[in-house]
Amino acid sequence: MQKSDPTEIPIRNDGKEKQLVKITNHLARQNVSLCWQCLTCSGGCPFADHMDLLPNQVIRLVQLGQVKEAIKCKTIWICVGCHTCSTNCPNSIDIGAIMDALRQLAIRYGVAIPEKDIFRFHKYIFGSIQRSGRLNKLEAMIQFKLGTGRVFSDIKSGIKMLNRGKLELIPQKIKDTGELDRILTHYDKRRRSFKAHE
Ligand code: SF4
Ligand code: SF4
C-alpha cells in the first residue's frame, strides 16, 4: 500500500461501515470523528518512515467507514503504542488505542497480516503474561527465535543481556494468578459481546 494524500482515499459503501466504525471506537474507547486531520500525529510519529499509511490516514480510513481497508495495512502492526502522537493530538485522541483496536479486528476477521514477525512477537509476549502474570523475556525471546527460524541472529545481544541480568533464568510469577484469570475472563466476555454485535 502506497502512502498517499488522505483526500485521495476512496469512499466505498457496503452497508456495514458505520457498524465497524462503532466497533472500532468502542474497542479503542475513542471517537474517531473528533479527528480534524491536522497531521500532527503523523508529523511526530517516530516510526512513520516504516509505515505504509501515515497514522492520520489510518484514522481517516476509519472515519470514512473503511475499516476493512485499515485492518489490512502494515501501519497498525508497526505502531508501538508510544503515545507520542496522542500526547500532541489537539483532540486528545489515543491513536495507539485505535491501532490496537484495528489489530484486534484484523485478527478477528482473519486478514492476512503483513508483519508476521511483529504478530508473533505480540503472541509470545501475551502468552508469557497470560501464563504467569509477568513477562518472561527469555522465554518470549526463545519462542520468537524458534518461530522465525532466526535462532542465531542477535545472539551477541542475548549474551550481553544475560550477563547484565536483563533476562531472568528462573521465570517469575505473580502471587494472585486468580486475579489475572478474572481479568482474562472479563476480556474474553467482552470479546464475545462484540462478536454478538457483528
Ligand atoms: S493529531 Fe489528532 S486531530 Fe490531528 S490528525 Fe492526528 S488524530 Fe487527527
Ligand atoms: S503510538 Fe503509534 S502512531 Fe502514535 S507516535 Fe507512537 S508509533 Fe506512531
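Begin by selecting helix α3, residues 55-63, which is mostly covered: nine of its nine residues are buried. The model is predicted, and the tour should be read with that in mind.

Next, display the side chains along this helix. The buried residues of α3 are P55, N56, Q57, V58, I59, R60, L61, V62 and Q63. Which elements cover these buried residues of α3? The cover includes α1 (17-28), α2 (40-44), α4 (67-70), α5 (75-78), α6 and α7. Colour each of these helices separately to see how they are arranged around α3.

Then move just past the end of α3 and select G65, where the backbone takes a positive phi of about 85 degrees.

Now select ligand 1. Around ligand 1 there are 14 residues, and the closest are C35, C38, T40, C41 and C89. By class, the shell around ligand 1 holds ten nonpolar residues, four polar residues and no charged ones.

Finally, select ligand 2. It is surrounded by 14 residues, with C45, C79, C82, C85 and G96 the closest. Sorted by class, the shell around ligand 2 contains ten nonpolar, four polar and no charged residues.

Methods: Residues numbered from 1 in each chain as written. Chains lettered and ligands numbered in written order. Predicted model: local features only at pLDDT ≥ 70, side-chain atom pairs only at ≥ 80, totals over all residues. Near = placed C-beta within 6 Å. Nonpolar A, V, L, I, M, F, W, Y, C, P; charged D, E, K, R; others polar. Buried ≥ 20, exposed ≤ 12 C-beta atoms within 10 Å, placed from the backbone. Helix = DSSP H or I, 4+ residues; strand = E, 2+ residues; numbered from the N terminus. Contact = placed C-beta atoms within 7 Å.
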